[in-house]
Amino acid sequence: MKTAVGLRVTAFRAMMVSWLAAKLEPGLNDHSIAGVSDPRHEAYAILALLEGAHLAVRADEDVRIFDQAVDLLRVRLDT
């Protein structure tokens with residue numbers, strides 16, 4: 001059984017996936033974002049990338065790791 005914090009984290013992640021998928025949907029429809037076949041799957045991948053970058057920042061104590069991940073996403077979403 002999940003704790004209250006676990007439930008809140010799960011709810012937050014679900015909200016973020018929905019938000020990201022909604023942002024990716026236009027890219028799928030107008031082909032402005034290459035390689036998007038399923039916005040929801042892409043959203044999960046983006047969230048995993050950001051979560052992994054966050055863990056790497058904590059381990060290496062170097063925020064540039066997160067900045068590089070975000071920059072990659074910005075380029076992908078802005079094209």
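This note sets out points on the fold, core, surface and charged pairs of the structure above.

1. Basis of the model. The model is a predicted one, in which local features need pLDDT of at least 70 and side-chain atom pairs count only at pLDDT 80 or more, while totals for chains, interfaces and linings use all residues. Residues are numbered from 1 along each chain as its sequence is written, and side-chain values use heavy atoms, with hydrogens and water left out.

2. Overall fold. The protein chain contains three helices and zero strands, and its pattern along the sequence is α-α-α. Here helices (H or I, at least four residues) and strands (E, at least two) are DSSP runs, numbered from the N terminus. Along the principal axes, the C-alpha atoms occupy a box of roughly 40 × 35 × 15 Å.

3. Contacts along the chain. A contact is defined as heavy atoms within 4.5 Å.

4. Burial and surface. Of the 79 residues in the protein chain, 23% are buried. The term buried means under 20% relative accessible area, exposed means over 50%, and partly exposed lies in between (1.4 Å probe, protein chains only). The chain exposes about 5,800 Å², and carbon and sulfur atoms supply 62% of this area. Accessible areas come from the Shrake-Rupley method with a 1.4 Å probe; for residues, only the protein chains shown count as cover.

5. The nonpolar core. The largest nonpolar core comprises 11 residues: Met-16, Val-17, Leu-20, Ala-21, Leu-24, Ile-33, Val-36, Ala-43, Ile-46, Leu-47 and Leu-73. The elements that contribute two or more residues to this core are helix 1 (4-30) and helix 2 (39-60). Helix 1 gives the most, with five residues. Such a core is a set of buried Ala, Val, Leu, Ile, Met, Phe, Trp, Tyr and Cys residues joined through side-chain atoms within 4.5 Å. In soluble globular proteins, nonpolar side chains tend to be buried together.

6. Leu-24 and Glu-42. Leu-24 is one of the core residues. Not counting residues up to four places away in sequence, Leu-24 touches Ile-33, Val-36, Pro-39, Glu-42, Ala-43, Ile-46 and Leu-77. One of these partners, Glu-42, belongs to helix 2. Is Glu-42 buried or exposed? Glu-42 counts as buried because its relative accessibility is 14%. With neighbours within four places in sequence left aside, Glu-42 contacts Leu-24, Gly-35, Val-36 and Arg-76.

7. Leu-28. This residue also deserves a separate remark. Leu-28 lies in helix 1 and is partly exposed, since its relative accessible area is 23%. Its contacts, not counting residues up to four places away in sequence, are with Val-36, Ser-37 and Pro-39. Leu-28 and Ala-11 are 17 residues apart along the chain, and 25 Å separates their C-alpha atoms.

8. Charges. The protein chain has 9 positive and 11 negative charges, and their mean positions are 8 Å apart. Lys and Arg count as positive and Asp and Glu as negative, whereas His and the chain ends are not counted. The place of a charge is taken as NZ of Lys, CZ of Arg, CG of Asp or CD of Glu.

9. In one of them, the side chains of Arg-13 and Glu-51 meet at 2.6 Å, N to O. This pair links distant parts of the chain, with Arg-13 in helix 1 and Glu-51 in helix 2, 38 residues apart. Arg-13 is partly exposed, with a relative accessible area of 30%, and Glu-51 is partly exposed at 31% relative accessibility.

10. The other salt bridges. Arg-64 and Asp-62 form a salt bridge through their side chains at 2.9 Å, N to O; Arg-64 counts as exposed, at 55% relative accessibility. For Asp-71 and Arg-74 the N to O distance is 3.7 Å. Because Asp-71 and Arg-74 are three residues apart in helix 3, about one helical turn separates them. Asp-71 is partly exposed, with a relative accessible area of 40%, whereas Arg-74 is exposed, at 51%.

11. Asp-67. Helix 3 (residues 64-78) also holds Asp-67. Asp-67 is partly exposed, with a relative accessible area of 38%. Asp-67 and Val-57 are 10 residues apart in sequence, and their C-alpha atoms are 9.6 Å apart in space.

Definitions and conventions
A salt bridge is a side-chain nitrogen of Lys or Arg within 4 Å of a carboxyl oxygen of Asp or Glu.
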